[in-house]
Amino acid sequence: MSDDSPTATAAADEEDHWPSFDITPKAYEEAVAAIAKSMNLDLIGWEVKHLDPIEGLDGTYVMDVTARFQLAGMDFLILFECKRHKDPVKRSDVQVLHTKLQSTGAQKGVVVAATGFQSGALEFAGAHGIACVRLVDNAWTYMTRHTTATTPPVLTGAYSGYAMTPDGDEDYDFTLLTGSVDNSRAALIIPA
């Protein structure tokens, strides 16, 4: 059942008690960027950009807002989509952000909405670890934050093992171990 039907939209609109915004889309995006900047969480290199071009596997995306930081020596990227629509955000809008996350390799996606979210959007976001946020009075309220707990799938099938060794040129060589006793012995330094 799709949540994009007029009935679902009307029902979501009737339940919405949040104030609406009378600002331009650009001002809305800038407000989201300002809130994100104020959240400096003692992370290394916390950097927030508005209209930031991000390279993906299938092209360049100009994101409404991005945040970058380092934690434990690792780089993290958060992509924000700002939705200042007159209707609640649809599932398809969250799916588009999910596709951008997959293409760019970003670690987190956040949809910030002025008018709320349809139930299908919240369900999809929860299943895929995308945060849904309502922007209200220069602060935000989380509707979803992370993936709901699920049992990991049981993996079946054939697996291949590889050994990775430095090649002396600041690069690595990969040797297939599966199906090769000689390669496995050489990788483990076991004499024949």
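Two aromatic pairs are counted in this predicted model, where rings of Phe, Tyr and Trp (its six-membered ring) pair if their centres lie within 6.5 Å. Planes under 30 degrees apart count as stacked, over 60 as edge-to-face and the rest as tilted. Residues are numbered from 1 along each chain as its sequence is written, and side-chain values use heavy atoms, with hydrogens and water left out. As the model is predicted, local features need pLDDT of at least 70 and side-chain atom pairs count only at pLDDT 80 or more, while totals for chains, interfaces and linings use all residues.

**Aromatic rings**

- Trp46 and Phe69 form a tilted pair, with 5.8 Å from centre to centre and 40° between the planes.
- This pair links distant parts of the chain, 23 residues apart: Trp46 lies in strand E1 (residues 44-56) and Phe69 in strand E2 (residues 59-71). Helices (H or I, at least four residues) and strands (E, at least two) are DSSP runs, numbered from the N terminus.
- Trp46 and Phe69 are both buried, a class that means under 20% relative accessible area, with exposed over 50% and partly exposed in between (1.4 Å probe, protein chains only).
- The rings of Phe69 and Phe76 are stacked, because their centres are 5.0 Å apart and their planes are at 5°.
- Phe69 has 13% relative accessibility and so counts as buried, whereas Phe76, with a relative accessible area of 23%, is partly exposed.
- Trp46, Phe69 and Phe76 make up one aromatic cluster.
- Arg145 lies over the face of Tyr142, at 3.9 Å from the ring centre; a charge sits over a ring if NZ of Lys or CZ of Arg is within 6 Å of the ring centre and within 35 degrees of the ring normal.

**Helix H2**

- Helix H2 (residues 25-38) has 14 residues and reaches 20 Å from its first C-alpha to its last. This is close to the 20 Å expected at 1.5 Å a residue, the expected span being 1.5 Å times one less than the number of residues.
- The buried residues of H2 are Tyr28, Glu29, Ala31, Val32, Ala33, Ile35 and Ala36.
- The cover over these buried residues includes E1, E2, strand E3 (74-83), strand E4 (108-113), strand E5 (131-136) and strand E6 (139-144), where contact means heavy atoms within 4.5 Å.

- Five salt bridges are counted, each a side-chain nitrogen of Lys or Arg within 4 Å of a carboxyl oxygen of Asp or Glu.
- One of them joins the side chains of Glu47 and Lys49 at 3.7 Å, N to O. Glu47 is partly exposed at 35% relative accessibility, and Lys49 is partly exposed at 33%.
- Glu81 is in strand E3 and touches Met63, Asp64, Leu97, Lys100, Val110, Val111 and Val112, not counting residues up to four places away in sequence.
- Glu81 forms a salt bridge with Lys83, with the closest N and O atoms 3.7 Å apart, and both residues are buried.
- Lys100 and Glu81 also meet in a salt bridge through their side chains, at 2.6 Å from N to O. Lys100 lies in helix H3 (residues 91-104) and Glu81 in strand E3, so this pair ties together parts that are 19 residues apart in sequence.
- Lys100 is buried at 14% relative accessibility, and Glu81 is buried with a relative accessible area of 7%.
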